[in-house]
Amino acid sequence: MTSPAVRAVRLGPRSVAALVLVGAVGVAAFGWPFLAPPDSRVGAHAEDAPWLFAGLLVLLVAVVAATISESGLGPKAVAMLGVLAATGAALRPIGAGTAGIEPMFFLLVLSGRVLGPGFGFVLGSVTMFASALLTGGVGPWMPFQMLAMGWFTMGAGLLPGAARLRGRAELVMLACYGFLAAFAYGTVMNLAGWPFMGTMASKISFDPHAAVPANLARFLAYCLATSMGWDLGRAVCTVVLTLTLGPAVLRALRRATRRAAFETPVAFEVPGG
């Protein structure tokens, strides 16, 4: 008998609104080079923009906190969130600087799948925040990493068949998602630094005076020239770990979720009552 899927973080109306808000802010933060018109004065202050975008960290933390509060996240779910975030943060430095070998992504894909999109977004953001503190990677890029990783993990929770799809078919679906999402993560993160690589440094740099199609072509060339190899390593690593370790990790996560009984209210019996 297949057990029903459990959502550690329920998506109520305020939670959905919070995720939509942070998503809209994230799209504006990442996509401003394409959203701003060619004659906009935004490009004139490109050197100051990373520090302005660093303020997104405060907004992101506030939205995540509101999501947790509104969803009624219990102590068991908070404990699991802490354990998974700490594990992901510890896994990140293992392959740092080695052709994109980042085992953290595989764990977050499986965690988002088992625990749902709400838990996935919170887990992805908190994991990236913790790993930045652990590795000393705190900087204006950190809020972008938190947003991108939150989307990455949330997407795994939105995949179909959470209650019934099991076995090889589920693993293949998760592996395909991890492969594509690894490239998507790298591409989105390129937007955080590409506009500031230097004015007219090359034919692949951001030109604040160019139209959207021209800048889009420059951006695609930038991705191919700089991060394609790294993203491929991340994608292949995620696929290999998902197909080999995925069954055991999924069983462990689902067993822990059932034992935690996230959605079961705690009741105390009073003797003689």
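The model is predicted, so local features need pLDDT of at least 70 and side-chain atom pairs count only at pLDDT 80 or more, while totals for chains, interfaces and linings use all residues. Residues are numbered from 1 along each chain as its sequence is written, and side-chain values use heavy atoms, with hydrogens and water left out. The protein has nine helices and zero strands, where helices (H or I, at least four residues) and strands (E, at least two) are DSSP runs numbered from the N terminus.

**Overall fold**

- Of the 273 residues in the protein, 49% are buried, a term that stands for under 20% relative accessible area, whereas exposed stands for over 50% and partly exposed for values in between (1.4 Å probe, protein chains only).
- Among contacts (heavy atoms within 4.5 Å) between residues at least 6 apart in sequence, 82% join residues at least 24 apart.
- The protein exposes about 13300 Å², of which carbon and sulfur atoms supply 70%, with accessible areas taken from the Shrake-Rupley method with a 1.4 Å probe and, for residues, only the protein chains shown counting as cover.

**Helix H5**

- Helix H5 (residues 104–135) has 32 residues, yet its end C-alpha atoms are only 14 Å apart, short of the 46 Å that a straight helix would reach, the expected span being 1.5 Å times one less than the number of residues.
- A kink of about 140° lies in H5 at Gly116, shortly before the proline Pro117, the bend at a residue being the angle between axes fitted to the seven residues ending there and the seven starting there.
- Because 26 of its 32 residues are buried, H5 is largely enclosed by the rest of the structure.

**Met154**

- Met154 is found in helix H6 (residues 142–157) and is buried, with a relative accessible area of 18%.
- Not counting residues up to four places away in sequence, Met154 touches Leu19, Pro117, Gly120 and Phe121.
- The C-alpha atoms of Met154 and Val109 are separated by 8.5 Å, although these residues are 45 residues apart along the chain.

**Nonpolar surface patch**

- Phe179, Leu180, Leu232, Val236 and Val240 make a nonpolar surface patch of about 420 Å².
- Helix H7 (168–193) and helix H9 (228–260) are the elements that give two or more residues to the nonpolar patch, and H9 supplies its largest share, three residues.
- Leu180 is found in helix H7 and is exposed, with a relative accessible area of 60%.
- Patches are made of residues with over 30% relative accessible area and no salt bridge, with like charges joined within 9 Å and nonpolar side chains (Val, Leu, Ile, Met, Phe, Trp, Tyr) within 5 Å; a salt bridge is a side-chain nitrogen of Lys or Arg within 4 Å of a carboxyl oxygen of Asp or Glu.
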